[in-house]
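These are my notebook entries on the chain displayed below. I record what I looked up, topic by topic.

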Amino acid sequence: MSARTLPLLFLNLGGEMLYILDQRLRAQSIPGEKARKDEWTDVDRKRVMNDIITTMFNKKFMEELFKPQELYSKKALRTVYDRLAHASIMRLNQASMDKLYDLMTMAFKYQVLLCPRPKDILLVTFNHLDAIKDFVHDSPGILNQVDETFRQLIETYGCLSAGEFQFIRQTLLVFFQDMHIRVSIFLKDKVQNSNGRFVLPISGPVPWGTEVPGLIRIFNHNGDEVKRTEFTTDGNYVTPQREGSFDLYGDRVLKLGTNMYSVSRPVETHMSGSAKNLASHAKENITPNPLAKEELNFLARLLGGLEVKKPGGGETGFRLNLFTTDEEEEHAALTRPEELSYKVINIEATQEPGRQAELSRILGELEVAEPRPTSSGKGEDLLALMDGL
């Protein structure tokens, strides 16, 4: 596995999370002068987006993230996004958080699959960061945080070879290989089958620097071309007019990673039959992981910077429902396979002398609580995803 994959995975999934939250918050926002205390306003939406982006691009957090390291378990990464989503006054029930994470992962998986070149994964990341900058365009301090991460990306990945980017792409595909959640947008656009697997196009622009297929050249031992043979293809291929910009500002050309929720339409997720069967048998590997101690220490450092904001004074948190109704949310929570709910993180670690108490404390803090009973109030329906942190 590539030790340079984690920042790209985190930033792209985080970008998709922000797209979804922004769309849902806009859909549920009420004009400020008409809103009740338990209803969202556009001011609340901006506050939530600013708080989450500020936390996501925290300087120490980014410094830790960009250190060369292996990818960690799906449950460990999911916990980081639980904390990130609750870094403001917004609160999500377990079912809504599950749906949010499903949408994030399937969207980025599709983008990785469609990348013409492995290096274009970096352009996908830049598209996400460009959109995030638009979310905070009127907050110079937060904007500077995002620009600093941009510069880190350029410095870290700008000099990598095509082979290293291919290794990163393979690492991402291994991470996503067992995820086959059906998403309504993809199903309606016929880019996803009913079993949750994506349909890859056989037409369109070829990767930058390559030629449209249809010609075979034969060379002799001196390197001189001696023969040409043409053949027909089933696809309709075109040559891209220019390469996307890998600079801080510029035209990325590639559209993968842009906000597909900018046009309002309902987005549903469904477990396919094969995915349900897979989930019922796919238990977390209980064999001790030699990297588990490093993973635990990584999460302890990482989560230490992700403060879940507690409503102050008489203020209460806002509940956000990613489903159309509360009944749909409750049904999703009851029907979701238990293996995919990420309720508790279990990390096996070899404990060093003198560190047993510290590791036990961290393990205890990484337990995700069950959802509390729903309420009509803004913040009484809090999901204590990370009690004690």
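**Surface and overall make-up.** I began with the accessible surface of the chain, which comes to about 19300 Å². Carbon and sulfur atoms account for 51% of that surface. I note here that the model is predicted. I then looked up burial and found that buried residues make up 48% of the 389 residues in the chain. The secondary structure consists of 13 helices and eight strands. For contacts between residues at least 6 apart in sequence, I recorded that 76% join residues at least 24 apart.

**Helix α1.** I examined helix α1, which covers residues 6–28 and has 23 residues. From its first C-alpha to its last, α1 reaches 33 Å, close to the 33 Å expected at 1.5 Å a residue. Of its 23 residues, 20 are buried, so α1 is largely enclosed by the rest of the structure.

**Thr105.** I next turned to Thr105, which is found in helix α5 (residues 94–114). Is Thr105 buried or exposed? Its relative accessible area is 1%, so Thr105 counts as buried, the cut-off being under 20%. I then asked which residues Thr105 touches, leaving aside those up to four places away in sequence. They are Leu13, Phe176 and Met179. A polar atom of the Thr105 side chain also lies 3.0 Å from the backbone oxygen of Tyr101.

- Asp42 is partly exposed at 32% relative accessibility, and Lys46 is partly exposed at 41%.
- Arg47 and Asp51 also lie four residues apart in helix α2, about one helical turn. Their side chains meet in a salt bridge at 3.9 Å, N to O. Arg47 is partly exposed, with a relative accessible area of 34%, whereas Asp51 is buried at 13%.
- Arg217 pairs with Glu211 in a salt bridge whose closest N and O atoms are 3.1 Å apart. Arg217 counts as partly exposed at 31% relative accessibility, while Glu211 is exposed at 54%.

I also traced salt bridges that share partners: Asp22, Arg26, Asp42, Arg45 and Lys46 are joined by them into one network.

**Nonpolar surface patch.** I asked which residues form a nonpolar patch on the surface. Ile216, Ile218, Val226 and Phe231 do so, with about 330 Å² of accessible area together. I followed up Val226, which is found in strand β5 (residues 225–230). With a relative accessible area of 53%, Val226 is exposed.

- Lys190 is exposed, its relative accessible area being 68%.
- Val253 is partly exposed, at a relative accessible area of 30%.

Technical notes. Residues numbered from 1 in each chain as written. Predicted model: local features only at pLDDT ≥ 70, side-chain atom pairs only at ≥ 80, totals over all residues. Heavy atoms only, no water. Patch = residues over 30% accessible without salt bridge, like charges linked within 9 Å, V, L, I, M, F, W, Y side chains within 5 Å. Areas by Shrake-Rupley, 256 points an atom, 1.4 Å probe, with all protein chains shown as cover. Salt bridge = Lys/Arg side-chain N within 4 Å of Asp/Glu carboxyl O. Helix = DSSP H or I, 4+ residues; strand = E, 2+ residues; numbered from the N terminus. Buried < 20%, exposed > 50% of the residue type's maximum accessible area, 1.4 Å probe, protein only. Contact = heavy atoms within 4.5 Å. Polar contact = N/O pair within 3.5 Å; in protein donor to acceptor, adjacent residues only side chain to side chain. Expected span 1.5 Å × (residues − 1).
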